[in-house]
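Colleague: I am new to reading protein models. Can we walk through one together?

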Amino acid sequence: MPFWDLQSRLGINLDRWILLQSGSQPNQRAARCHAFEKEWIECAHGIGQTRAKKECQLEFEDFYECMHRQKMHKRLYDIRQQRDKMAKEGTYTPPACHTGKTD
């Protein structure tokens with residue numbers, strides 16, 4: 001226990017402030033990636049940074065994907081590229097609701 005407990009004296013909670021998804025949320029609802037962050041922190045707690053990087057890699061990747069959605073954006077980009085390629089070849093015709101023409 002520290003000699004001076006500054007966090008309680010100043011009325012701040014640095015542990016909740018430092019964590020991305022654990023801070024105060026509107027309407028008291030959990031943040032989008034709170035569950036992934038919690039799994040990652042529970043995995044990494046108490047084993048040290050070096051071991052945590054190896055042993056908790058899957059949890060961290062899930063949390064990172066939830067935050068940044070890079071895999072999802074890459075997949076959507078690939079789908080759009082394939083759709084455009086097929087439309088050029090003439091093997092794909094978009095549905096009437098996607099053409100932008102009104103009835």
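Modeller: Start with the order of the elements. From the N terminus on, they run α-α-α-α-α-α. Keep in mind that this is a predicted model.

Colleague: How many helices and strands does the protein have?

Modeller: Six helices and zero strands.

Colleague: Next, helix packing. At what angle do H3 and H5 pack?

Modeller: Look at two things: the angle and the spacing of the axes. H3 covers residues 34-44, and H5 covers residues 57-68. They pack at an angle of about 155°. Their axes are 8 Å apart.

Colleague: Why is H3 called roughly antiparallel to H5?

Modeller: Angles over 145 degrees count as roughly antiparallel. The angle here is about 155°, so H3 is roughly antiparallel to H5. The crossing of the two helices is left-handed.

Colleague: Which residues make the contact?

Modeller: From H3, take Phe36, Glu37, Glu39, Trp40 and Cys43. From H5, take Glu59, Phe60, Asp62, Phe63 and Cys66. Now sort them by type. Six are nonpolar, four are charged and none is polar.

Colleague: Now the whole protein. What share of its residues is buried?

Modeller: Buried residues make up 10% of the 103 residues. The accessible surface comes to about 9400 Å². Carbon and sulfur atoms account for 55% of that surface.

Colleague: And contacts along the sequence? How many join residues at least 24 apart?

Modeller: Take the contacts between residues at least 6 apart in sequence. Of these, 30% join residues at least 24 apart.

Definitions and conventions. Residues are numbered from 1 along each chain as its sequence is written. This is a predicted model: local features need pLDDT of at least 70, side-chain atom pairs count only at pLDDT 80 or more; totals for chains, interfaces and linings use all residues. Side-chain values use heavy atoms; hydrogens and water are left out. Axes are lines fitted to C-alpha atoms, for helices over the stretch in contact, and angles run from 0 to 180 degrees between N-to-C directions. Helices (H or I, at least four residues) and strands (E, at least two) are DSSP runs, numbered from the N terminus. Angles under 35 degrees count as roughly parallel, over 145 as roughly antiparallel, 65 to 115 as roughly perpendicular and the rest as oblique. A crossing is left-handed if the near helix is turned anticlockwise from the far one by less than a right angle, and right-handed if clockwise. Contact means heavy atoms within 4.5 Å. Ala, Val, Leu, Ile, Met, Phe, Trp, Tyr, Cys and Pro count as nonpolar, Asp, Glu, Lys and Arg as charged, and the others, Gly among them, as polar. Buried means under 20% relative accessible area, exposed over 50%, partly exposed in between (1.4 Å probe, protein chains only). Accessible areas come from the Shrake-Rupley method with a 1.4 Å probe; for residues, only the protein chains shown count as cover.
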